[in-house]
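Please open the model in your viewer and keep the sequence panel beside it. The tour below moves from one selection to the next and says what is found at each stop.

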Amino acid sequence: MLFLLTGFMQSWNLSLSILNIGVLSAIMALGVNMQWGYAGLFSTGIMGSVALGGLAVVIVSGKPVPEGWAAGGPRLLFGLAFGVAVLLASIFIYRRMKPGRTRGWTITAILVLGFFAYRAIFDPAANAIEAFNPATAGNIGGFGLPSLLSWPVGALFAGVAAWAIGKTALGLRSDYLAIATLGIAEIVLAVMKNEDWLARGVKNIIDLPRPWPVPYEVNLQQDAGFLQTVQDWGMDPTQASTILVKLLYLLVFTLVLLAVVWMSERALHSPWGRMMRAIRDNEVAASAMGKDVTARHLQIFIIGSAVVGLAGAMLTSMEGQLTPGNYTPLRFTFLIWVMVIVGGSGNNWGAVLGGLLLGWLWLIVENAGPVAMGYITMPLPDGALKAHLIDAAPHLRLVTLGLVLLLVLRFSPKGLIPEK
Amino acid sequence: MDILNALVAFLNYVFVPGLAYGSQLALGALGLTLVFGILRFSNFAHGDTMAFGTMWVILITWWFQSMGITAGPLPTALLALPFGIAITAAFVLATDRAVYKFYRDKKAASIILVIVSTGVMFITNGLTRIIIGPQEQNFADGARFVISAQGFKDATGLSEALVIKSTTAITVITAAICVAVLFWFLNKTRTGKSMRAFSDNEDLALLSGINPERVVMVTWIIASALAVIAGTLYGLDKSFRPFIYFQLLLPIAASAVVGGLGNPLGAIAGGFIIAFSEVFVTYAWKKVVGYLVVLDLEPTTLLQLLSTDYKFAVSFTILIIVLLFRPTGIFKGK
Amino acid sequence: MSDPFLIGEAMTGGYGAVDILHDCTIAVEKGQIAVIVGPNGAGKSTAMKAVFGMLNLRGGRVLLDGEDITKLSPQARVRKGMGFVPQTSNIFTSMTVEENLEMGAFIREDDIRGTMEQVYELFPILKDKRYQAAGELSGGQRQQVAVGRALMTQPKVLMLDEPTAGVSPIVMDELFDRIIEVARTGISILMVEQNARQALDIADKGYVLVQGANRFTDTGQALLADPEVRRSFLGG
């Protein structure tokens with residue numbers, strides 16, 4: 001409804017792009033809903049999963065840079081593998097040796113020496129890669145595979161990262177998990193911003209291919225059949241092509257969304273889902289009944305993160321570029337949270353509704369905020385104060401969102417569509 | 001070999017910045033840990049409380065400057081500080097009344113309070129950005145240096161200089177005073193002791209007739225004061241940007257957790273541990289090592305363990321290590 | 001005989017929908033020791049908590065010195081002169097012994113030094129350890145801190161929930177001696193005890209509860225002599 005209204009009021013293009021973002025947000029919200037709604041895990045690292053999904057697109061379907069790869073690819077991979085080996089070795093030692101000072105020193109020595117050896121192997125390779133044509137490349141490049149393929153890979157990346165963090169932080173107190181995941185997300189982002197060899201860092205990667213079956217507008221506009229159809233309908237070809245592209249995205253995204261909802265619903269009503277909710281409602285009782293609470297938590301933490309990673313990959317492939325600077329915790333962690341809570345924790349349809357609704361609110365306030373502020377400040381004399389208020393209007397959405405969250409938590413803690 | 005110059009370079013680039021940053025983190029972590037001890041949740045809005053308070057300090061500083069009031073060689077912001085604290089404390093108490101009290105009375109799970117605090121974080125953050133804008137602000141004035149580079153070189157004849165900015169000196173001194181006052185308050189006054197008692201054993205404190213609402217109110221006021229002071233010192237020493245203050249939440253939370261949540265002494269230790277580790281790991285040691293080794297062995301690389309962009313990784317790694325091996329922190333927390 | 005100083009009369013109630021206490025009466029005279037004993041799950045601690053106002057009564061009333069205090073909160077009862085020592089977490093572990101005593105006297109506005117000296121006279125070991133964190137003390141010393149803390153309000157009635165739980169027999173005897181001393185100063189004592197035999201030995205009045213109701217009520221010595229009580233509750 002809101003989207004139709006926006007379409008009439010502003011433009012169909014805007015409405016559709018907001019809707020697309022809304023659908024993606026809904027998928028992310030579904031992932032978070034699994035963690036919070038099914039299992040009661042409060043993770044603030046959602047942004048990290050989104051960013052990892054985006055990274056997957058670059059690696060899977062980015063343009064290959066053979067020169068970059070030749071300059072140091074194998075050595076770089078060897079360096080990374082070596083780093084992982086050092087970590088595994090220290091974990092192995094930790095498990096096998098008797099606790100005591102010797103063990104502490106051995107592990108410290110392995111880690112310190114390993115770190116320097118790793119840097120010695122890794123740094124020259126990274127420098128060599130970054131040295132190649134830094135204006136347009138300077139990275140190891142991707143595999144140049146179809147974009148659709150990168151979506152599951154994005155889910156995989158986020159899932160693996162979730163496994164690592166879950167292994168360490170789950171089972172600790174709930175606030176610790178929140179702080180730890182907040183940190184992990186910042187680190188993921190720092191890596192993406194600074195490791196230029198990987199995805200060019202803040203120089204961004206552009207021209208990522210579109211997923212099948214979405215065509216490019218330029219091609220459409222040269223396609224005789226398309227032009228003919230458009231003319232028959234009496235539409236402007238440029239506008240029609242952009243709308244068609246967005247509609248196709250919408251179609252693909254909605255299919256994925258429905259698939260995720262279907263699977264979540266199946267899972268929720270299976271014995272597994274019932275067990276999850278039992279654990280959430282009473283961990284002590286569940287573990288007394290022989291359920292392995294930490295393992296189940298790890299499982300759902302990974303699955304939820306993977307769903308978010310999937311949506312992150314879809315987002316990047318729709319935008320066609322990876323811009324690490326765009327990932328902010330407010331937008332990609334806390335906004336998604338508000339979606340889940342407003343929609344109704346524990347209810348998949350609630351998460352979808354919350355995603356669509358708040359995705360719309362977030363973007364529409366961004367667009368309409370300054371306009372509204374312009375009307376509100378109409379009686380004020382022109383001057384610094386008025387200009388400042390209009391400039392500040394986009395930040396109103398932070399306040400709005402905070403208020404929405406607090407009001408829902410206070411007066412309707414079960415959300416718009418409560419859990420059955 | 002030039003041990004003296006190496007030492008001076010070490011002091012100048014590692015020790016002094018670490019000390020100043022550590023003081024700022026320690027003050028921030030103290031506020032967080034007090035709120036945790038009394039209200040029993042990790043307050044995600046703490047970083048934004050710092051930003052909110054610092055913003056008021058900046059605005060009042062500007063107002064004072066426009067009226068020609070300054071503090072001589074000291075930054076005008078120090079004069080504005082009490083007003084900033086008062087406004088922030090009033091704001092925080094208002095949020096407590098409007099938001100947190102409801103959940104406290106309901107005895108809601110701490111995770112719910114954490115989520116509620118993210119809502120408060122949104123609002124505080126938005127207000128800060130609306131009032132002062134998201135841009136960077138510099139508001140330091142007064143004397144720039146206690147010891148300037150040239151002065152130090154002239155006095156000692158060394159080629160390396162130990163520069164002490166006045167903001168650094170003020171940071172360390174103010175932090176020391178705050179900590180001293182806080183500990184005096186907690187250990188010597190009736191109200192302070194009742195706060196410790198409440199944090200230690202809530203039921204028994206109630207049984208002893210300690211008024212929980214009063215304890216909570218005092219806690220919020222102290223936490224706001226510490227947050228505003230920490231934020232102002234950080235802003236004077238570096239610069240003010242709302243987004244950076246939000247990110248400060250991570251090292252601050254890490255400091256508090258590493259020291260043991262709820263333990264004020266631990267928060268201070270944690271602050272310095274995190275600050276020094278960050279500076280140690282992200283400093284390019286080329287210069288210091290260059291003085292220590294024979295000339296032709298001078299290192300060719302920067303000798304930097306990690307790029308400064310990974311400073312979050314440092315606080316995070318320490319956090320995880322401590323949580324894995326000593327879940328209640330180095331000093332016993334909750 | 002005059003009315004008892006503190007009486008929980010015909011108390012019926014529990015934590016949730018299910019009643020734990022059924023028409024249960026507990027009373028203590030001025031300066032005397034009353035002990036509640038009974039098998040596990042008999043509602044001993046619940047009866048004590050009911051007298052102290054920590055659970056809602058559906059029936060019955062609590063009188064302190066003739067005044068009906070049934071509706072008062074535990075905190076208000078402290079102000080009326082009742083002291084309570086919970087079974088667990090009954091001290092501030094991170095605070096010094098002296099600070100524990102100070103916190104005990106938090107509601108008092110007058111000079112507390114005299115009372116503190118009295119507590120130190122009663123428990124001399126606490127004076128030696130006054131600046132040590134209470135959490136570092138031994139089990140028996142902790143219990144002394146806990147009792148001392150409750151005495152700081154100068155209560156007229158002291159209620160102890162299993163004061164000897166988890167302490168060695170020697171320490172237990174010493175604690176009982178101290179409790180008798182406290183009673184001699186004119187403070188009424190109501191306590192729940194697992195060690196029924198020793199507790200009844202010092203009790204002026206004993207209550208044997210079974211399933212939340214009074215089974216036997218008599219003087220401590222009489223109960224100890226009663227063959228049925230001995231057989232069923234004191235292990236022969």
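How many residues does helix α1 of chain B have, and how far does it reach from its first C-alpha to its last? Select residues 3-39 of chain B: the helix has 37 residues and reaches 50 Å between those two atoms, close to the 54 Å expected at 1.5 Å a residue, where the expected span is 1.5 Å times one less than the number of residues. Helices here are DSSP runs of H or I of at least four residues and strands are runs of E of at least two, numbered from the N terminus. Before going further, note that this is a predicted model, in which local features need pLDDT of at least 70 and side-chain atom pairs count only at pLDDT 80 or more, while totals for chains, interfaces and linings use all residues. Residues are numbered from 1 along each chain as its sequence is written, and chains are lettered from A and ligands numbered from 1 in the order in which they are written.

Staying on α1(B), centre the view on B:L11, where the helix has a kink of about 40°; the bend at a residue is the angle between axes fitted to the seven residues ending there and the seven starting there. Then move to B:R40, which follows α1(B) and has a positive phi, near 60°.

Next, show chains B and C together, where 13 residues of chain B are in contact with 17 residues of chain C, contact meaning that C-beta atoms, placed from the backbone, lie within 7 Å. On the chain B side, the elements that give two or more residues are α7 (190-200) and α8 (202-207), and α7(B) gives the most, with five residues.

Finally, turn to the open sheet of four strands in chain C, with the order β2-β1-β4-β5 and antiparallel pairing. The edge strands here are β2 (21-28) and β5 (67-68). Strand β4(C) (residues 57-64) is joined to β5(C) by two bridges, and the bridge partner of C:L64 in β5(C) is C:E67.

Methods:
Contact = placed C-beta atoms within 7 Å. Pairing = 2+ DSSP bridges.
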